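Please look through the sequence and the model shown here before reading on.

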Amino acid sequence: MNLLHGRVRWLLISWMFVISAIAYLDRVNISIAGSSIKQEFHLGNKQLGWVFSAFVLGYALFQAPCGRLADRFGPRKVLTLAAVWWALFTSLTALVPGSMSGALAILLAVRFLLGVGESVTYPASNRLVASWIPSAERGFANGLIFAGVGAGAGVAPPLVTYILVRYGWRWSFWITALMGLAAGVVWVWVARNKPQEHPWTSTNEAAYIESGLPLVTRSEAAKPLAWGKIFTSKNVLAMSFSYFAYGYVAYIFFSWFFLYLSTVRGLELKSSARYGMLPFLAMAVCSPLGGWISDQVADRFGQRAGRCGVACLGMGLCAIFVALGPYAHDARLASVVLAGGAGALYISQSAFWSVTSDIAGHSAGSASGVMNMTGQIGGVATASLTPLIADSFGWEASFLVAAALCAAGAMLWLLVEPQRAI
């Protein structure tokens, strides 16, 4: 393994990209198969919104507890167990019979439990970053991990559509379940919780990582932060409320964008699949790009400019694009403008996670879990509120509400002090 010496940290981050992509493929396949599921289960848009919300609710409620598990047992073990959980409940989604009495309630329960299992993914990845990645590289590392969100969600429309047309919607769930299980097998083989535990880590790489860690992470004797201290931290509170706005906007793309193109804009299935990829491709490109920019600006002008400034700018640009997109007369132009909003949003992504790993150290999983919990609550809100607002006031109003929240989230970054430990 000589070729890996000095680069083991990037091997782990690269595999976290793969896990991130599969996790999002698992969760957005239901939005692509939404029309078929509505037909088989005899659901309306509001009931389908409940199904979307069930996943996000389970995902949101268990962010902080699963973050604590990642801090306690390490990302290697908890992510391996999570991959098995995903495979089980993704498969069970496809096994719920549409004709069965109470099928909707069972589907809601299965999606909730899938959300519980997936909730460990990013708090665990943040705990990995806190131990393995020097602070100066965390923007790009987190950007690469979250590029998996765009990659997985971007692959979903053509892949799920292909499987759905040829084999039916249930097969799309079984195939993605197997992919998640395979990713977990590789992870347990290649991952370790700390550089010192990995047989492939060279002395030079271990020393380089150690020298670049914040002081809050270097102490091996550090105790987990009390929940009260995390929940009352000004930094955590500001980023959490900002992440609520972030999650509200992001879940419009994950939950409703494909259906918006096909049912509101009138694109046929294959065109919806093609144009439905654009926001997620923008996410995949802009997430590592934003992380790299954040690292470069932080190195030259300081952490506040590199983390807070870049996040504020990205979310501000997103608000503009999301407000303008629905007013484009051509459906394809609207797709491009809204994709620009998704890309701008993901320019800010790495800052949230880089700052939480810097300020929380050995409790990075717990702190980022609290932050991500509020982001997912934003996702719960948009899954149900978006069709409600659209039915009452039109789809333009749904996007304007999201844009206003995003602008508010951008302003909250002005309150964050990225060098102040919890």
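What follows is a short walk through parts of this model.

The model is predicted, so local features need pLDDT of at least 70 and side-chain atom pairs count only at pLDDT 80 or more, while totals for chains, interfaces and linings use all residues. Residues are numbered from 1 along each chain as its sequence is written, and side-chain values use heavy atoms, with hydrogens and water left out.

Begin with helix α1, residues 8–32, where a helix is a DSSP run of H or I with at least four residues, numbered from the N terminus. Its expected span is 1.5 Å times one less than its number of residues, so the 25 residues of α1 should span 36 Å, and this agrees with the 36 Å between its end C-alpha atoms. Even so, α1 has a kink of about 30° centred on D26, the bend being the angle between axes fitted to the seven residues ending there and the seven starting there. Because 20 of its 25 residues are buried, α1 is largely enclosed by the rest of the structure; buried means under 20% relative accessible area with a 1.4 Å probe, protein chains only.

S354 counts as buried because its relative accessibility is 0%. Leaving aside residues up to four places away in sequence, S354 touches R138, G139, N142 and R307, where contact means heavy atoms within 4.5 Å. A polar atom of the S354 side chain lies 3.4 Å from the backbone nitrogen of G139.

Key
Buried means under 20% relative accessible area, exposed over 50%, partly exposed in between (1.4 Å probe, protein chains only). A polar contact is a pair of N or O atoms within 3.5 Å; within protein, one must be able to donate a hydrogen and the other to accept it, and residues adjacent in sequence count only if both atoms are side-chain atoms. Helices (H or I, at least four residues) and strands (E, at least two) are DSSP runs, numbered from the N terminus.
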